[in-house]
Amino acid sequence: MRENDRVTSATRQPGTPSAAVRPRLIATDLDGTLLRDDKSVSPRTVAALAAAEEAGIEVFFVTGRPARWMDVVSDHVHGHGLAICGNGAAVVDLHGGPGAHRFVKVRELARENALDSVRLLRAAAPGTVFAVEQTYGFHQEPAYPKLHMEIPDNLLPAERLLAPDGPDADQPVLKILAYHPDLDPDAFLTLARLAIGGRANVTRSSPSALLELSGPDVSKASTLALCCAERGISHEEVVAFGDMPNDVEMLTWAGQSYAMGNAHPDVIAAASGRTVANNEDGVAVVIEQLLDESI
C-alpha cells in the first residue's frame, strides 16, 4: 500500500514529560540509540523491551535503515512486529525474518521530485554523488563511495537511475542518498535544505556529510503519527528516543522524548528529557523507570 497523505500533526514544541499520562507506545531509533556501537542489543535492553511489551506498551523501531538491514533487531520483535524504516518511507512487517519482510505502507519520493533535487543539489554543491534506495533495490553512481556493506544493483548516473525507464522503474523510490567528500555535515544539510526547498524532506543520520532525501511530508514523525492514529494512540502517550537530526521531528512530536547521552546538539534541544549514552543502555534505563512508575 502506498501512502502519501499529508500529515500536519507531526510537529510540536518539546514540553515537560508528564507522569500523569501512561505510555502506550515506545518509539526508538536504532543506530546510536537502541544499538550499542558494535550494533548489538544488550541483554539489559532486550529484557527492557520484553518487559514493556509484557506491560502492554507497544514498541516500534523507527530508523533510517532500509528494511533489509533490520536483521539486527529481528530477534527482538514482539506483538505486531512492525518497524518504520527509511526515515518514515516504509512501514515493514518483520515477522518473516531477514529477506522475508513485508511492506505494509510505502510513502515514496516522486521521481520528478527526486530528479529536481539531484539537479539542484549538484548545482549548489558540486562534487555531490548520489545513491537511490528503493523498496527492494539499491543503486548508486560510480563515484559514490563504499559507505554501505552491500553491492549495488546498478552503477549509473542518478539521472539515469531515476528516469521513467530506469532500473527497477516499477519500484517506488524510498529515498535518495547524497554524499559530499569535503563539506561539513551540518553545513551540507543547511545548504541542501535551502537548495531543494519543498521538493523533498532532507535530513541526516551519519557523522559524515551524507544526506537522506525523502518525500516532502515524509519523516519518522509523520509516519509514526499515522501508525499511532490507526491505533487510537495520541502523541501524549508516546515515548521516543533518538540521537541524530533525523530524529528531531519525532522527538518534538512525542509526549515524552529522550536525547541520548551521545546525541547531536539539535536532538538535545528538541527532546524533553535526556538519558545516558547508547553504550550505557540509555533506552533501557528510561523504560525501567517508566515501568517502575506504572506499578
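## Around helix H5 and its sheet

Just after helix H5, Gly197 adopts a positive phi of about 60 degrees. That residue is a handy place to start a tour of this predicted model, which takes in H5, the sheet it packs on and His180, in the loop that comes between strand S9 and H5.

**The helix itself**

- H5 covers residues 185–196. Its 12 residues reach 16 Å from the first C-alpha to the last, close to the 16 Å expected at 1.5 Å a residue.
- At the start of H5, Asp184 brings a side-chain oxygen to within 3.1 Å of the backbone nitrogen of Asp186.
- Which residues of H5 are buried? They are Pro185, Phe188, Leu189, Ala192 and Ile196.
- Viewed down the axis of H5, these buried residues fall within an arc of 100 degrees, so they line one face of the helix.
- The partners of the buried residues of H5 are helix H3 (111–124) and strands S9, S10 and S11.

- Six strands make up an open sheet with mixed pairing, in the order S8-S7-S6-S9-S11-S10.
- At its edges sit strand S8 (154–155) and strand S10 (201–203), each of which pairs on one side only.
- H5 packs on this sheet and touches S9, S10 and strand S11 (210–214). The direction of H5 makes about 170 degrees with that of S10.
- Strand S6 (residues 129–134) and strand S9 (residues 173–179) run antiparallel and are joined by six bridges.

- A polar atom of the His180 side chain lies 3.1 Å from the backbone nitrogen of Asp182. For the backbone nitrogen of Leu183, the distance to a polar atom of that side chain is 3.3 Å.
- Leaving aside residues up to four places away in sequence, His180 touches Ala125, Pro126, Gly127, Thr128, Phe188 and Ala209.
- One of those contacts leads back to the helix: Phe188 touches His180 and is also among the buried residues of H5.

How values were computed:
Residues numbered from 1 in each chain as written. Predicted model: local features only at pLDDT ≥ 70, side-chain atom pairs only at ≥ 80, totals over all residues. Heavy atoms only, no water. Pairing = 2+ DSSP bridges. Helix = DSSP H or I, 4+ residues; strand = E, 2+ residues; numbered from the N terminus. Contact = heavy atoms within 4.5 Å. Axes fitted to C-alpha atoms, helices over the stretch in contact; angles between N-to-C directions. Polar contact = N/O pair within 3.5 Å; in protein donor to acceptor, adjacent residues only side chain to side chain. Expected span 1.5 Å × (residues − 1). Buried < 20%, exposed > 50% of the residue type's maximum accessible area, 1.4 Å probe, protein only. Arc of directions from axis to C-beta.
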